[in-house]
Amino acid sequence: MKEICKIVNVFQGSGKIDLPKPEGLASKWLFIKAQCGNTTPAAAYPFGKMSLCAYTGAYPTGYGNLVPNSCGDPQSFDAKVHGFSHMHVSGTGGIRAYYNYAVTSPIIGNILSELNDTIVEENATPGFYSAKLSSAVRFEGTVSQKLAYHRYTFPDEGLLQIDFSNSGLNRKWNGFYSLPENAEVSITSSTRVTAHIKVQGIDLYFATDCPSSKGVFLWQNYIQKNGTRLYLTDKSERFGAAFRVNGVAELKMAISFVSSDAAVAMLDSEDNNFDTVKAQTEEKWCSYLNKIIIKTDDPALSEIFYSNLYHTLIKPCNGCGESYIYDASKADGNFYFDFATLWDQYKTAIPLILTLYPNEANGIINTLLYLTESNGRSPINVTVAENNDFTDQARMLVEHIFADYHFRYGEKYIKRMLEATKHDLEEFNKDFIESGYCKRYTHILDICEALNAMSVIARTLGENDTAERFETLASRWINAFDVSTGMMSTDSPYYEGTNKNYSFRLLHNMQERIDLIGKERFVAELDELFGYSREPVKQSASPIFDPLELGINSFEGFNNESDMEAPYAYLYAGRHDRTCEIIRAGMKYMFTRGRGGLPGNNDSGGLSSCYVWNALGLFPVAGQDLILIGSPIVNEATIALIINCISKLKLKLLVILFC
C-alpha cells in the first residue's frame, strides 16, 4: 500500500516546463498561458486545511523563484527563503488571493531580522517537506488535517520568528499581497502565542505552541516590544512573536476562521509528536492514492500518474468544521474552500473527486449549496478572501456539479439543488432569460448546459413544468453559434481562447450541434484546430505577448482548460481514431516527470486530473451521465468505488467507434 506514496514526486509541476520536444501532432499546438505548472511541494494532507513549505514570496504559491506572469516563458528572480508558511494556493495563476500566512523564520542568534537564506538541500514526500538552509538550520514540516507541525535543528541558539502580518507574495509586487486591516498578538504562556488579523475582509485567528521555548516576546518592525499584547491598525507595520530556542525545536500552528479560542481548541485537540503525525499523514495519503491501482511496464508512467493524482487531491480544502462565510454546522460540519476556480475544476477535478471520495463529495456539495443559497447566486471562485469571484469565466457551473453528484449518489439534496438553481437563474441571469443572449456567448452554453442538467433533477422530483421551462430555455444554445458557419459566433469576447477553442464543447445535444455544420465539416474544423494541416508552432517566449494575437486558432495543448475536452468531440462524429491519436500525443509530449512535468497551470488540480482521466482512457462529461472512452495508456486499472456509490451510480460509458 505504501509503495504508491514512494512513487509520487511532489515536486512535479513546481517549476518551468521541461517537456520532451514535441513531434508530430503535438508540435502543432499553441500554448497561450505561462509555461509552468505552479504547483508546490508543501507538506499537505488530502484536501487538508494546512500546507507547509519554504516561503520565498514567488508567484503564485509563495514557493520557488518565479515573478508574476500570465503567458510565455516565465521569468525568475533571485529568490531567498524568508521562512516557512502555512497555506498555499496550488497550480493557480492570478487569483488575487495568495495566503502564505504566519511566515515562521529560523534566525541564528538573538537578533530579529528578515531571513534571506538559500536552500542547499530539499526533500519532500506526501505529507512531508524538509529543507536545509545555508545558515545550517534544518527544517522539517508535516501536517495533520488541521494543524501544521514544524521541527527545526539549530547549530546553536536562535529564534523562531513568526510574522503574522504576512499575506500573499513578495511585497514589492503590488496587488499580489495584502496587509492586515488590523491585528492583535498575545502571549498566553511561555510556550504559546495567539494572534488575530483581518485580511482581504476575512478574520483569521492563529494559535501556536513551541514546547521547547526558552522564552517568548513580541516584536514590531523587527524591534522587540515589552508586554504580552500588541494591537496594531497601521497597514505598513510588520509584527509578530519570537520564541527563543536552542538545538532541536518543535512548533505547531493552528489557523481558525472563527475565534482565538477555536484556534487554541484545535491546537489542544491533538497530542501527537512530529513523527507520529508524519506517519499518520503518509498513511492517509496512501489510502487516498490507492483508490486507483494501475498496471504498467513503464516506471516513469507510474510516477507521472500518481504524481498527478496526488496534485489533484490537494484542493479544495476542508475547513475542519469551520467557515468564514456561514455557520459550517449547517453544512454537516463540512465547509470547503479553494475552488480556484470552478472553471478550472468542474470538467475534470470535481468529477474525479465526486467519483472516488464520497466524504469529500458530500462536503463539496454542501458548501456549494450553502454558498449559492446564502449569496443568491452560484460562485465561480471561492478563496479565503471577500469579493474574489471571476465573473468573466463562466456562469452556473455549480449546477453542472449538482448534476454530477446526483448521477453518482442519487436523490440526496436534489430539492435544495433545484431551488438554488431556480433562484440563481431568475436573479442573476436575467439577460439570458429576457433576450436569450449574454455578453459572453460561452455563458449562453454554460447556462443552457446547466439547465439541461437540472431538468433531469426537476423531472426526478416530479416538477415537470420546471423541467420543460429549463429545456425550453436550454434550446437557446444555438444563439451562441453563427448558423452560417456552424461555429461559435465571432460577435462575442472569449476568455483565454477564441471562438474556435470553444466551438467543440461537449453539449447535451451533440447530434444537433453536428447537424448545424454538417459531419464532414465538423471533422474538418476539428482537424484544423488540432493542426492536421498546419506547420509546427513556435511557442512564445515573451511573458507579455498574448499568443492569441498570432491568430493561429490552435488547440491549447493541455496548457489551459478552455478546450481540454475538445479531443472527445471527434467521438460524436465517428472518428475515435482521431481522439486516440490526440490523447496519445498529449500523454507522450505534454506530461513528464519532475518540476517541469506539467505543460501549464495546474489550476487547483484541473490539469493533473485531466491527465489522470486521459491516462485511464476515460473522460467525464460535466453535467451529464456520460463518461467517454478514449485511449488508455496503462495496461490495466482498478478503480475503487464505494458500494453505496455503485448502487446509485447512473453514469453511462459511451464510445463511438469508427468503421
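Helices (H or I, at least four residues) and strands (E, at least two) are DSSP runs, numbered from the N terminus. The model is predicted: local features need pLDDT of at least 70, side-chain atom pairs count only at pLDDT 80 or more, and totals for chains, interfaces and linings use all residues. Residues are numbered from 1 along each chain as its sequence is written, and side-chain values use heavy atoms, with hydrogens and water left out.

**Exercise 1. Describe the overall build of the chain.**

Step 1. Count the elements. There are 18 helices and 24 strands.

Step 2. Check the radius of gyration, taken over C-alpha atoms; the globule rule is 2.2 Å times the number of residues to the power 0.38. For 659 residues, a compact globule would have a value near 26 Å. The chain has 25 Å, which agrees.

Step 3. Take the box. Along the principal axes, the C-alpha atoms fill roughly 75 × 50 × 45 Å.

Step 4. Look at burial. Buried means under 20% relative accessible area, exposed over 50%, and partly exposed in between (1.4 Å probe, protein chains only). Of the 659 residues, 65% are buried.

Step 5. Look at contacts, meaning heavy atoms within 4.5 Å. Take those between residues at least 6 apart in sequence: 73% join residues at least 24 apart.

**Exercise 2. How many disulfides does the structure hold, and how far is the sulfur of Cys36 from the closest cysteine sulfur?**

Step 1. Recall the bond. A disulfide is a covalent bond between the sulfur atoms of two cysteines. The cut-off used here is a pair of cysteine sulfur atoms within 2.5 Å.

Step 2. Count. The structure holds 0 disulfides.

Step 3. Cys36 is buried, at 0% relative accessible area.

Step 4. The nearest cysteine sulfur to Cys53 is that of Cys317, at 13 Å, and Cys53 is in no disulfide. Cys53 also has 0% relative accessibility, so it counts as buried.

**Exercise 3. Work out the surroundings of Asn614.**

Step 1. Locate Asn614. Its place is in helix H17 (residues 606–616).

Step 2. Judge its cover. Asn614 is buried, with a relative accessible area of 0%.

Step 3. Widen the view to the helix. In H17, 11 of its 11 residues are buried. Among them are Cys610, Tyr611 and Trp613.

Step 4. List what Asn614 touches, leaving out residues up to four places away in sequence. The contacts are Phe558, Tyr568, Ile583, Met587, Phe619, Ser631 and Pro632.

Step 5. Step past the helix. Gly617 follows H17, and its phi is positive, near 80 degrees.

**Exercise 4. Which residues does Leu369 touch, not counting residues up to four places away in sequence?**

Step 1. Find Leu369. It lies in helix H7 (residues 358–375).

Step 2. Check its cover. Leu369 is buried, at 0% relative accessible area.

Step 3. Name the contacts. Leu369 touches Phe402, Tyr413, Arg416, Met417 and Ala420.

Step 4. Leu369 and Asp344 are 25 residues apart in sequence. In space, C-alpha to C-alpha, Leu369 and Asp344 are 19 Å apart.
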